[in-house]
Amino acid sequence: MERFVLTDAQWALIDPRCFGKSTDPGRSGRDNRLFMEAVLWIARTGSPWRDLPALFGDWSTAFRRFSEWRNADVFKRIFEALSGDPDMKYAIIDATIVKVHRHGPGAKGGPQSQAIGRSKGGMTTKILALTDALGNLVRFRLMPGQRFDIVEVSALLDGLEFDALLADKAFDSNIIIAELNERGATVVISQHPRRSKPLPLDREIYKWRHLIENFFCKLKEFKRIAMRADKTDKSFSAMIHLAAAIIHSR
């Protein structure tokens, strides 16, 4: 059986952000480290919670605990702790599509209540991500798979400062370029051939755009993310935050 074992260095960063520490008031959590490895086992293998191996304890207890931590944004705090200070010389954006597992659309309110869309390829979710100049995730947005990439870009960039934005031609939009010019950020976006007045493109800087593609490849090593099995955006986001934290800490 494959088991995702956290290193002592990783756990030293994760432990202070967990619920139920010995220093917390009330009942302490039972082996937070083993629980975190259980969540990573689910994320890595893509298995249903019911298939959680017995060495991790009762699966329903682990799932309820995951839900509590998810609702309290514990996994997001873990991601922020392991990410440290991003290198915002460059911001790199891109989107990737993940297929939705047949168990994924079962949330209350149906798929339309979550970032799940229907296209020719079936039900899909789009992960719109922004990484720093080192290819480490800074933030992301979830969208239905059929939605245009540029729709959530402004929200993704909100409050961030960076020197240049790198993106492929899917983000060649006058609205985005105008926002970057207003910020004083360098535009490093590949352009559509039909653009009447091409903008200058620094091709040497543009080469670094591959870093976000590398990140997506690492993220999709976690099978529960490569094929979305989580019914709610909140659960799926928690899995992405935890996986990205582990990727960053390697």
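For the class counts, Ala, Val, Leu, Ile, Met, Phe, Trp, Tyr, Cys and Pro are nonpolar; Asp, Glu, Lys and Arg are charged; the others, Gly among them, are polar. The model is predicted.

**Exercise 1. Describe the largest cavity: its volume, its lining and the classes of its lining residues.**

Step 1. Search the whole structure. There is 1 cavity of 30 Å³ or more. The largest cavity holds about 30 Å³ of space.

Step 2. List the lining. It consists of Phe79, Ser83, Gly135, Asn136, Leu137, Phe215, Ala244, Ile247 and His248.

Step 3. Assign helices. Helix 4 (74-83) and helix 10 (233-249) each give at least two lining residues. Helix 10 contributes the most, with 3 residues.

Step 4. Sort by class. The lining of the largest cavity has 5 nonpolar and 4 polar residues.

**Exercise 2. Describe the largest pocket: its volume, its lining and the classes of its lining residues.**

Step 1. Take the volume. The largest pocket has about 590 Å³.

Step 2. Find the centre. Of the 27 lining residues, Lys76, Val138, Arg139, Phe140 and His241 lie nearest to the centre of the pocket.

Step 3. Assign elements. Helix 4, strand 4 (137-144), helix 5 (153-157) and helix 10 each supply at least two residues of the pocket lining.

Step 4. Sort by class. The lining of the largest pocket has 12 nonpolar, 6 polar and 9 charged residues.

Definitions and conventions
Residues are numbered from 1 along each chain as its sequence is written. This is a predicted model: local features need pLDDT of at least 70, side-chain atom pairs count only at pLDDT 80 or more; totals for chains, interfaces and linings use all residues. Side-chain values use heavy atoms; hydrogens and water are left out. On a 1 Å grid over the protein atoms alone, a cavity is a set of points where a 1.4 Å probe fits but cannot get out, and a pocket is an open set with protein on both sides within 12 Å along at least five of seven lines; lining residues have an atom within 4 Å of a point. Grid points are joined across faces, edges and corners, and a volume is the space filled by probe spheres set on the points. Helices (H or I, at least four residues) and strands (E, at least two) are DSSP runs, numbered from the N terminus.
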